[in-house]
Amino acid sequence: MISGFSKLSKKDKINWLVDTFLQNNSDAKEVLKQYWNSDADLQRLHDEFSENTISNYYLPFGVAPNFIINGEEFAIPMAVEESSVVAAAAKAAKYWANRGGFKTEILGFTKLGHVHFTFKGDAQKLQDFFKDLEKKLREDTLTMTQNMEKRGGGIRNLNLVDKTDLIPHYFQIEAEFDTVDSMGANFINSCLEQFAKTLEHELNDSDFFALEEKKSLQIIMCILSNYTPNCMVRAWVECPVTDLVDKNIPADIFAEKFIQAIKIAEIEPYRATTHNKGIMNGVDAVVIATGNDFRAVEACAHTFACRDGRYSSLTHAEVSMGVFKFWLDLPISLGTVGGLTSLHPLVKFALQLLKNPSAKDLMGIVAVAGLAQNFAALRSLVTTGIQKGHMKMHLYNILNQLGATEKEKDYFAIYFKDKTVSHSAVVSEFHRLRGKEV
Ligand code: MEV
């Protein structure tokens with residue numbers, strides 16, 4: 001155990017870690033140091049994003065070009081370590097660019113936060129009291145909401161919610177916010193904490209309640225909800241079934257198998273989890289590249305996916321009057337101002353690349369990345385199988401690990417064109433090529 005670790009310098013932190021846990025690893029310090037940035041200001045910036053930082057953790061920052069979204073062309077930045085995610089997105093982008101591109105629509109743009117509290121007095125009296133309290137809740141948060149209101153946002157609705165059927169004496173102030181282009185977590189949480197103070201103060205001050213009722217009020221917590229079903233975007237693609245030409249499969253059979261694959265994900269949680277994981281491959285990569293909170297996005301998507309009591313697919317597809325339609329409804333709260341957006345140079349770059357989108361625009365772009373990813377995965381799954389593409393990317397990872405030259409990589413691309421890629425097959429051919437014993 002150590003106390004005061006956070007107060008140590010970076011070097012001392014590393015020394016302590018190496019002495020305590022890594023004595024057998026003579027390279028440990030060098031491994032950490034090789035990721036330090038030589039630009040001291042840039043390094044300080046990264047150090048200060050978090051606490052107890054000892055190095056930087058790189059993720060590949062890739063770009064998937066050729067996305068047509070609502071008629072506009074985009075190259076989408078993606079920060080992701082899994083090989084084939086960016087390639088799959090780019091492939092789906094090109095496929096749909098020739099078939100009308102992607103469309104998006106915002107279906108809702110508000111977020112909720114709650115003051116969770118218990119009250120052992122008369123519930124009806126509390127409801128009546130809340131009617132007058134609402135005005136005061138808005139007044140007391142004016143200093144916080146004024147700026148947001150200038151930008152077109154602010155507090156939308158305030159409700160008292162009686163949850164006593166689920167937990168005795170449990171109520172909520174449920175507040176609905178529009179945070180415009182910011183994710184708004186700090187704004188929402190600050191407003192909620194002020195609501196709690198106002199509630200306590202006004203209830204204690206009122207003649208409406210007996211002393212016992214006043215004393216029974218207990219604020220449990222004030223926090224935004226990362227579940228944002230009213231902050232929702234739809235992304236979709238559509239084209240005549242006959243345009244779904246594929247060298248591996250007739251168009252109508254492709255549409256049939258594709259829709260069947262989605263139906264399976266709609267009713268089978270084992271498949272739905274993997275299906276949605278594929279969607280989140282695209283979603284998270286853009287969310288991370290643009291400096292947003294991928295944990296919040298993940299939590300929200302999965303809550304939504306099981307809103308009917310069974311975990312289900314986030315995407316859907318149908319054929320109607322000969323037209324194939326494939327869509328994703330994604331509840332997602334994003335920011336294009338605040339947070340990392342003006343601090344992290346790569347995040348700034350990513351947002352510029354995306355033409356400095358509003359939060360609503362970014363919701364659309366992220367949903368498109370998720371839909372494209374799901375399309376690419378399902379297209380492979382119902383035609384060639386997923387391993388063909390995956391193992392091709394994996395081949396390059398193995399060759400990189402082996403230190404293959406560019407010329408050797410070209411050789412292997414041809415060598416494995418008609419063979420199944422496996423780790424041992426690559427290693428053994430590599431050693432044969434270099435004339436070593438296998
Ligand atoms: C792999 O990261 C994602 C997939 O498994 C998604 C899917 O099965 O739909 C390919």
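Helix α10 gives the most to the shell around the ligand, with 6 residues. (Helices are DSSP runs of H or I with at least four residues, strands are runs of E with at least two, and both are numbered from the N terminus.) The model you are looking at is predicted, so local features need pLDDT of at least 70 and side-chain atom pairs count only at pLDDT 80 or more, while totals for chains, interfaces and linings use all residues. Residues are numbered from 1 along each chain as its sequence is written, and side-chain values use heavy atoms, leaving out hydrogens and water.

**Exercise A: the whole protein**

Find how many helices and strands the protein has, and what share of its residues is buried.

*Solution.* Start with the secondary structure: there are 16 helices and 10 strands. Then take the extent: along the principal axes, the C-alpha atoms fill a box of roughly 90 × 70 × 40 Å. Finally, look at burial: 45% of the 438 residues count as buried. Here buried means under 20% relative accessible area, exposed means over 50%, and partly exposed is in between, with a 1.4 Å probe and protein chains only.

**Exercise B: the ligand and its shell**

Work out which residues surround the ligand, and which of them have side chains with polar atoms beside its oxygen atoms.

*Solution.* Begin by listing the shell: Glu 82, Arg 271, Thr 274, His 275, Lys 277, Gly 278, Asn 281, Ala 377, Leu 381 and Ile 386. Each has a heavy atom within 4 Å of the ligand. Next, sort these residues by type: 3 are nonpolar, 4 polar and 3 charged. In this sorting, Ala, Val, Leu, Ile, Met, Phe, Trp, Tyr, Cys and Pro are nonpolar, Asp, Glu, Lys and Arg are charged, and the others, Gly among them, are polar.

Now place the shell on the fold: α10 (269-289) and α13 (359-382) each supply at least two of its residues. Then turn to the polar contacts (pairs of N or O atoms within 3.5 Å; within protein, one must be able to donate a hydrogen and the other to accept it, and residues adjacent in sequence count only if both atoms are side-chain atoms). Glu 82 has a polar side-chain atom 2.5 Å from a ligand oxygen. For Arg 271 the distance from such an atom to a ligand oxygen is 2.8 Å, and for Asn 281 a side-chain N or O atom lies 2.9 Å from one. To finish, check the cover: on its own the ligand has 300 Å² of accessible area, and the protein covers 86% of that (Shrake-Rupley method, 1.4 Å probe; for residues, only the protein chains shown count as cover).

**Exercise C: salt bridges within helices**

*Solution.* Recall the cut-off: a salt bridge puts a side-chain nitrogen of Lys or Arg within 4 Å of a carboxyl oxygen of Asp or Glu. The whole structure holds 18 of them. Take Asp 41 and Arg 44, whose bridge spans 3.3 Å from N to O. Asp 41 is exposed at 53% relative accessible area, and Arg 44 is partly exposed at 43%.

Move on to helix α5 (residues 123-140), where Glu 139 and Lys 135 lie 4 residues apart. Their bridge is 3.6 Å, N to O.

Decide whether His 169 and Val 180 are buried or partly exposed.

*Solution.* Locate His 169 in the loop between β5 (154-162) and β6 (170-178). Its phi is near 70°, a positive value in a residue other than glycine. The relative accessible area of His 169 is 34%, so it is partly exposed. Now locate Val 180, in the loop between β6 and α7 (185-205). Val 180, also not a glycine, has a positive phi of about 50°. With a relative accessible area of 15%, Val 180 is buried.
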